[in-house]
Amino acid sequence: MGVAQRSRRWLVPVAAVAVVAGVGAIGPVMADASPKLPNISAQDLLTKVQSAKIDGLSGTVQSSADLGLPAIPGMAPGTRELTDLLSGQHTARVAFATPDKARVSLLDNQAEQLWTTDGKSAWAYDSSKREATKLTLPAHSASTPQKTRPQQNYNPQAVAKQFLAAIDPSTQVQVSGTEKVAGRDAYKLKLVPKTDKTTVGSVTVAVDSKTWVPLDVTVMPRSGGNPAVELGFTSVSFDVPSASSFTFTPPAGVKVTEQKAPAKSGLPKTELPKTELPKQVNPKTTPKLLPRKPGSANAGKPTVIGTGWDSVVMIRGAQTADLTGGNGKLGQLGQLLAKAPTVQGPWGSGKIVTSKMVSALITNDGRIFAGLVTPDTLQAAAAKAPR
């Protein structure tokens, strides 16, 4: 979860979800009274968000999610597996400073998972496992290697950016009022998809009225009810954190593994816009669910079918071991699919899992389709997908 430079990038402090993964009923603390702010058009507000320039920030981010996914039977309590990442409430402390310093500390069940980089080295630390990994970054590298990048699931700016990227003629955009977020005055920028092919009812982004940085993102399902996702600051400071904020000294007794990052990571300089899944989830077999721009069909990489709110991600190469387990018993994903209905069409046959927000299709030929879309939209996308 780097930091914005003085360009058309904006600071990123999760998730992700996801991804919408890893982010409601309980969200950032809001004041009852709406602040009085000057009127601003939706277009002007969007322009200010896109051109925001800050040198650093620190604060506490709270996320909550209720995507309506069924529980997986037989899972050990406290295990951070797929359904845990897509539900519940989480808190993270974050800090960023330009051009290449970032720190995210996830606090959960009296344990801590930490990701930090000072631009020269990057650390990933898990207090529950008493393990830490140190990566030495290449000279002049301003990117955190993918394996130790902090979770974008705890990143209001990155999540907001992905939804803003879905704006097209099928989106109604309006300024729906003002509110207090983390003690700061903010405008509410509301995105309402006009299409009925998506499960998203609306997305509201709270934008700071002074820095123009998104402070909170709330996703409402088309079916109504409580928020499906809320991710935002409960406290925030735009003072630049000190250099010591990004250093890490492993506690005594912690096992440390040292690695050296490749000279070319292929990642954008000082930018962390892409929502990632935590390391416990296999990125080759788990889809990213937020709207994304169309990409290529390279092996091992997601392919996007459709645009905007109708986007569906396809990933090839799902392993049967992920469904059946290595000992002949159903694996955890297999348990989720055991009661899922079987569907078929011109794309083939497979299992489909649906909730109030997420739809996923796992085909018998090893492809996974997923998106914030209706099941019919998902199957229509599968019929158009390359094999």
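The model is predicted. The protein contains six helices and 19 strands. Of its 387 residues, 52% are buried. The exposed surface comes to about 17,100 Å², and carbon and sulfur atoms supply 50% of that area.

**The six-strand sheet**

An open sheet is built from six strands in the order β14-β15-β19-β18-β17-β16, with antiparallel pairing. At its edges lie β14 (303-305) and β16 (342-345), each of which pairs on one side only. From one strand to the next, the twist averages 30°. Helix α6 (residues 375-384) packs on this sheet and touches β14, β15 (312-315), β16, β17, β18 and β19 (368-371). The direction of α6 makes about 40° with that of β18.

Within the sheet, β17 (residues 348-354) and β18 (residues 359-363) pair in the antiparallel sense over five bridges. T354 has S359 in β18 as its bridge partner.

**Aromatic pairs**

Four aromatic pairs are found in the whole structure. One of them joins Y187 and W212, which are stacked at 6.0 Å centre to centre with 15° between the planes. This pair links distant parts of the chain, as the two residues are 25 residues apart. Both count as buried because their relative accessible areas, tabulated here, fall under 20%.

| Residue | Location | Relative accessible area |
|---|---|---|
| Y187 | strand β9 (residues 184-193) | 6% |
| W212 | loop between β10 (200-208) and β11 (214-221) | 18% |

Elsewhere, ring pairs link W123, Y125 and F248 into a cluster.

Methods
Residues numbered from 1 in each chain as written. Predicted model: local features only at pLDDT ≥ 70, side-chain atom pairs only at ≥ 80, totals over all residues. Heavy atoms only, no water. Phe/Tyr/Trp six-rings, centres within 6.5 Å; stacked < 30°, edge-to-face > 60°. Helix = DSSP H or I, 4+ residues; strand = E, 2+ residues; numbered from the N terminus. Buried < 20%, exposed > 50% of the residue type's maximum accessible area, 1.4 Å probe, protein only. Areas by Shrake-Rupley, 256 points an atom, 1.4 Å probe, with all protein chains shown as cover. Pairing = 2+ DSSP bridges. Axes fitted to C-alpha atoms, helices over the stretch in contact; angles between N-to-C directions. Contact = heavy atoms within 4.5 Å.
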